[in-house]
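Here are my notes on the model you sent over. Have it open while you read, and check the points against your own view.

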Amino acid sequence: MGQPAERETGERATRGAADRRLPPGQRLQKGWPVTHYGPVPKFRPERWEFRVFGATADGGKHCWNHEEFTALPYTTVEADLHCVTKFSMVGAEWGGIPARTVVEIAPPAPDVTHVMVWAEYGFSSNLRLADFLSDRTLFATHKDGELLTAEHGFPLRLIVPHLYAWKGPKWVRGVEYMTADRRGFWEERGYHNVGDPWREQRYSYQEEPEDGPEL
């Protein structure tokens with residue numbers, strides 16, 4: 001007779017634990033809404049290339065085709081995803097290639113401070129090198145053991161769990177090493193240059209002088 005009440009109590013406890021993982025201003029989301037700007041690109045494996053360029057340690061450009069890139073060491077990270085539109089998805093398992101692995105193979109020059117992550121259609125997002133080098137920053141190919149769908153970024157999207165989700169673009173094609181900060185696509189259009197959800201760094205008008213270059 002007590003099972004429904006026990007189940008309800010358990011569900012409330014689960015929701016409560018999840019809510020405690022939410023940054024300020026966020027709400028718990030069931031499922032994974034599709035959010036992106038522009039069309040979904042068509043994946044052409046024979047044309048796909050991942051590049052590391054800019055201020056590399058050897059001054060050159062490093063390239064992988066799709067088969068080569070997805071053959072790099074694979075790992076999984078359990079991490080939440082916090083969208084600036086105020087929904088959060090918690091407890092997802094992301095699988096892919098750690099950003100740190102790419103940096104180890106194609107190291108930056110000593111004076112590199114930031115990276116620009118480039119995606120299809122010229123979309124870009126800038127990150128501090130320290131954020132990019134986080135043990136939890138991942139070039140994801142899978143979520144919860146399944147390949148990403150095209151709408152969610154297949155064949156490759158960046159996951160930076162400690163920043164808002166726009167800092168991890170879908171359909172990633174490369175990384176540019178930079179010796180000075182430069183704003184990416186959304187950062188040029190009024191979004192915060194850093195994007196820390198725990199500090200609610202949503203918009204550029206909230207920035208402190210040390211948060212990024214002037215608009």
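This is a predicted model: local features need pLDDT of at least 70, side-chain atom pairs count only at pLDDT 80 or more; totals for chains, interfaces and linings use all residues.

The points below run from the whole chain down to single residues.

1. Ground rules. Residues are numbered from 1 along each chain as its sequence is written, and side-chain values use heavy atoms, with hydrogens and water left out.

2. Overall build. The protein chain has four helices and 11 strands (DSSP runs numbered from the N terminus, H or I of at least four residues for helices and E of at least two for strands). Along the principal axes, the C-alpha trace spans about 70 × 40 × 30 Å.

3. Burial and surface. Some 47% of the 215 residues count as buried (under 20% relative accessible area; exposed is over 50%, and partly exposed is in between, with a 1.4 Å probe and protein chains only). The accessible surface comes to about 11100 Å², and carbon and sulfur atoms own 51% of that (Shrake-Rupley with a 1.4 Å probe; for residues, only the protein chains shown count as cover).

4. Of the contacts with a separation of 6 or more, 66% are between residues 24 or more positions apart (contact means heavy atoms within 4.5 Å). There are 26 positive and 31 negative charges, and their mean positions are 5 Å apart. Lys and Arg count as positive, Asp and Glu as negative, while His and the chain ends are not counted; the charge is placed at NZ of Lys, CZ of Arg, CG of Asp or CD of Glu.

5. The cores. Which residues have the most contacts inside the largest nonpolar core? They are Phe 50, Phe 69, Phe 132 and Phe 139, in a core of 27 residues (a core is a set of buried Ala, Val, Leu, Ile, Met, Phe, Trp, Tyr and Cys residues joined through side-chain atoms within 4.5 Å). Strand 2 (49–54), helix 3 (99–105), strand 6 (114–119), helix 4 (129–132) and strand 11 (172–178) each give two or more residues to this core. Apart from it there is another core of 14 residues, including Val 77, Phe 87, Leu 138 and Ala 165.

6. Around Phe 50. Beyond four places in sequence, Phe 50 touches residues including Trp 64, Phe 69, Val 102, Phe 139, Leu 156 and Val 175. Trp 48 sits in the loop between strand 1 (27–28) and strand 2 and is buried at 4% relative accessible area. Among its contacts are Phe 43, Trp 64, Phe 69, Pro 155 and Leu 156.

7. The loop between strand 9 and strand 10. Leu 156 is in the loop between strand 9 (146–147) and strand 10 (157–159), and is buried with a relative accessible area of 1%. Its contacts include Trp 48, Phe 50, Phe 69, Phe 139 and Trp 171. Please look at Pro 155, which lies in that loop: the peptide bond from Phe 154 to Pro 155 is cis, with omega near 15°.

8. Most residues other than glycine have a negative phi, and most peptide bonds are trans. Tyr 121, not a glycine, has a positive phi of about 60°; Tyr 121 is in the loop between strand 6 and strand 7 (124–128) and counts as exposed at 55% relative accessibility. Glu 200 has a positive phi of about 50°, is found in the segment after strand 11, and counts as partly exposed at 27%.

9. The segment after strand 11. Phe 185 is in this segment and counts as buried at 15% relative accessibility. Phe 185 is in contact with Tyr 37, Phe 123 and Ser 124, leaving aside neighbours within four places in sequence.
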